[in-house]
Amino acid sequence: MAKLDRIDKHILVELQKDGRLANVELARRVGLSPTPCLERVKRLEREGFIEGYRAKVNYQALGHGLLIYIEVKLSHGGSDSFKEFSQAANLSEQVLECHFVSGEFDFLIKVRVADMSEYRAMFDKSILALPHVKETKTIVVMEEIKNERDCVIYP
């Protein structure tokens, strides 16, 4: 994988702040002229450093303000249990994120719902229906203090 220089990293930082930033403004912020800046952005896309561009959604406004994490422990019935669970979680529309983790539980799932009654219905229908679920622990987020979608890239 290619190495990133200081300017490449600066481009990534600026695009994480605003993916709709015009190339002329991006070039000004990173200290390049527009053409070399656009060439760098295209190279970063081509080489997989930039996977795409997304809108940051206001979940409160959409009526999905309740953020919940679910720790899942699997009943290790066979060597394929992790794979089967991962595939099913990946296909679930309710699961926003699913991470294989170390510790007491095997997976950490992130969901967003309108309220606790919606969560309860979704939990029974979607989470408990995932293969090999033995035990779960629900963590309800009372307040989001900081929510940054992407990591900070240090120049």
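Residues are termed buried under 20% relative accessible area, exposed over 50%, and partly exposed in between (1.4 Å probe, protein chains only). The structure is a predicted model, in which local features need pLDDT of at least 70 and side-chain atom pairs count only at pLDDT 80 or more, while totals for chains, interfaces and linings use all residues. Residues are numbered from 1 along each chain as its sequence is written, and side-chain values use heavy atoms, with hydrogens and water left out.

By these classes, Cys 98 is partly exposed, with a relative accessible area of 29%, whereas Cys 37 is buried at 0%. With a disulfide defined as a pair of cysteine sulfur atoms within 2.5 Å, the count comes to 0 disulfides.

Helices (H or I, at least four residues) and strands (E, at least two) are DSSP runs, numbered from the N terminus. Strand E1 (residues 66-74) is largely enclosed by the rest of the structure, because 7 of its 9 residues are buried. Two strands are taken to pair if DSSP finds at least two bridges between them. E1 runs antiparallel to strand E3 (residues 107-113), to which 7 bridges join it, and Val 72 stands opposite Phe 107 in E3. E1 is also joined by 7 bridges to strand E4 (residues 133-140), again in antiparallel fashion; here Lys 73 stands opposite Glu 135.

In helix H2 (residues 23-30), the buried residues are Leu 26, Ala 27 and Val 30. These residues lie on the same side of H2, because they cover an arc of only 100 degrees around the axis, the arc being that of the directions from the helix axis to the C-beta atoms. The face of H2 turned away from this buried side carries the exposed residues Val 24 and Arg 28.

A salt bridge is a side-chain nitrogen of Lys or Arg within 4 Å of a carboxyl oxygen of Asp or Glu, and the structure holds 13 of them. One of these joins the side chains of Arg 40 and Asp 5 (2.9 Å, N to O). This pair links distant parts of the chain, with Arg 40 in helix H3 and Asp 5 in the segment before helix H1 (6-17), 35 residues apart. Glu 47 forms a salt bridge with Arg 43, their closest N and O atoms being 3.4 Å apart. Asp 5, Asp 8, Arg 40, Arg 43 and Glu 47 are linked in a network of salt bridges. Within helix H5 (residues 116-127), Asp 124 and Arg 120 lie 4 residues apart, about one turn of the helix, and form a salt bridge with closest N and O atoms 3.0 Å apart.
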